[in-house]
Amino acid sequence: MFSMLSMNIIRFHNNSGLLALRMFVHSPPPLADCLSRQPRLQGLQGLFPGPEPGLPHQELRQIISLLTEQYAAQEKRDLSSYMRFFWKSPLVACFTEDFVAIGWNQVKASVKREFAGRPAQTRPILERLRTNLLDGQTAITIEWWTLLFPSGKASGFTNSTWHKFPEGWLIIQTHTDSSGLR
């Protein structure tokens with residue numbers, strides 16, 4: 001049976017002015033319940049294997065930990081550490097408003113140009129994160145972020161597809177859209 005688990009993380013300031021993260025974990029209704037209400041979809045019931053028992057929370061925490069490490073690498077402008085979260089394949093894909101990079105070498109070159117074009121004091125802030133675990137090997141993340149520059153800030157979102165390989169979770173596709181410098 002298909003099972004999906006979602007986790008939302010929202011950054012906020014509490015009453016004492018400290019930054020805090022609040023995590024919300026929820027499971028959508030079981031696919032069987034959704035399919036029973038949608039007769040035209042009933043043939044899909046056996047197509048999606050569910051994750052192993054106890055697996056979803058552990059997998060979500062792994063992905064969140066990886067994203068935390070990736071944001072730290074981005075802040076340090078450490079290209080090799082940042083890129084270790086991407087699938088090293090000619091099939092990995094990265095899309096932005098004005099550029100498409102297909103393959104490890106193009107994605108790495110794109111990130112390198114992006115890092116070089118930013119002021120050294122740029123600080124990435126993960127504002128909100130939604131992680132959807134589709135099965136034990138596939139997840140989708142949506143990150144709402146802000147880049148703080150000495151002269152302003154830019155906000156946007158990144159949508160990534162993750163796959164669990166024998167070496168761990170890696171990004172196989174990502175799309176970023178931003179509102180530009182404000």
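Modeller: A charge is taken to sit over a ring if NZ of Lys or CZ of Arg is within 6 Å of the ring centre and within 35 degrees of the ring normal. On that criterion, Arg 128 lies over the face of Trp 144, at 4.4 Å from the ring centre. A second case is Arg 113, placed over the face of Phe 99 at 5.0 Å from the ring centre. The model is a predicted one, and the values that follow are to be read accordingly.

The setting is as follows. The protein has 4 helices and 8 strands, arranged along the sequence in the pattern β-β-α-α-α-β-β-α-β-β-β-β. Of its 182 residues, 37% count as buried. Among contacts with a separation of 6 or more, 51% are between residues 24 or more positions apart. The exposed surface comes to about 10300 Å², of which carbon and sulfur atoms supply 57%.

Leaving out residues up to four places away in sequence, Trp 162 touches Ile 63, Leu 66, Leu 67, Phe 85, Gln 137, Thr 138, Ala 139, Thr 141, Trp 169, Leu 170 and Ile 171.

As to ring-to-ring geometry, the count comes to 3 aromatic pairs. In one of them, Tyr 82 and Phe 115 have ring centres 5.3 Å apart and planes at 65°; planes over 60 degrees apart count as edge-to-face, so this pair is edge-to-face. The pair links distant parts of the chain, since Tyr 82 is in helix 3 and Phe 115 in helix 4, 33 residues apart. Buried means under 20% relative accessible area, and Tyr 82, at 14%, is therefore buried. Phe 115 likewise counts as buried, because its relative accessibility is 6%. Tyr 82 and Phe 115 also belong, with Phe 86, to one aromatic cluster.

Trp 87 and Phe 165 form another pair, with ring centres 5.3 Å apart. Their planes stand at 25°, and because planes under 30 degrees apart count as stacked, this pair is stacked. Trp 87 lies in the loop between helix 3 and strand 3 (93-95) and Phe 165 in strand 7 (residues 152-165), so the pair ties together parts that are 78 residues apart in sequence. The two partners fall on opposite sides of the 20% limit for burial: Trp 87 is partly exposed at 22% relative accessibility, whereas Phe 165 is buried at 18%.

Beyond its neighbours within four places in sequence, Ser 110 is in contact with Phe 99 and Ala 101.

Strand 5 and strand 6 (residues 138-149) run antiparallel and are joined by 11 bridges, with a hairpin of 2 residues between them. Within this pairing, Asp 135 has Thr 138 of strand 6 as its bridge partner. Strand 6 is in turn joined to strand 7 by 12 bridges, again antiparallel, and a hairpin through 2 residues connects these strands as well. Here Thr 138 stands opposite His 163 in strand 7. Thr 138 is also one of the residues touched by Trp 162.

Arg 77, located in the loop between helix 2 and helix 3, has a positive phi of about 60° although it is not a glycine. Arg 77 is partly exposed, with a relative accessible area of 30%.

Terms used: Residues are numbered from 1 along each chain as its sequence is written. This is a predicted model: local features need pLDDT of at least 70, side-chain atom pairs count only at pLDDT 80 or more; totals for chains, interfaces and linings use all residues. Side-chain values use heavy atoms; hydrogens and water are left out. Contact means heavy atoms within 4.5 Å. Rings of Phe, Tyr and Trp (its six-membered ring) pair if their centres lie within 6.5 Å; planes under 30 degrees apart count as stacked, over 60 as edge-to-face and the rest as tilted. Buried means under 20% relative accessible area, exposed over 50%, partly exposed in between (1.4 Å probe, protein chains only). Accessible areas come from the Shrake-Rupley method with a 1.4 Å probe; for residues, only the protein chains shown count as cover. Two strands pair if DSSP finds at least two bridges between them.
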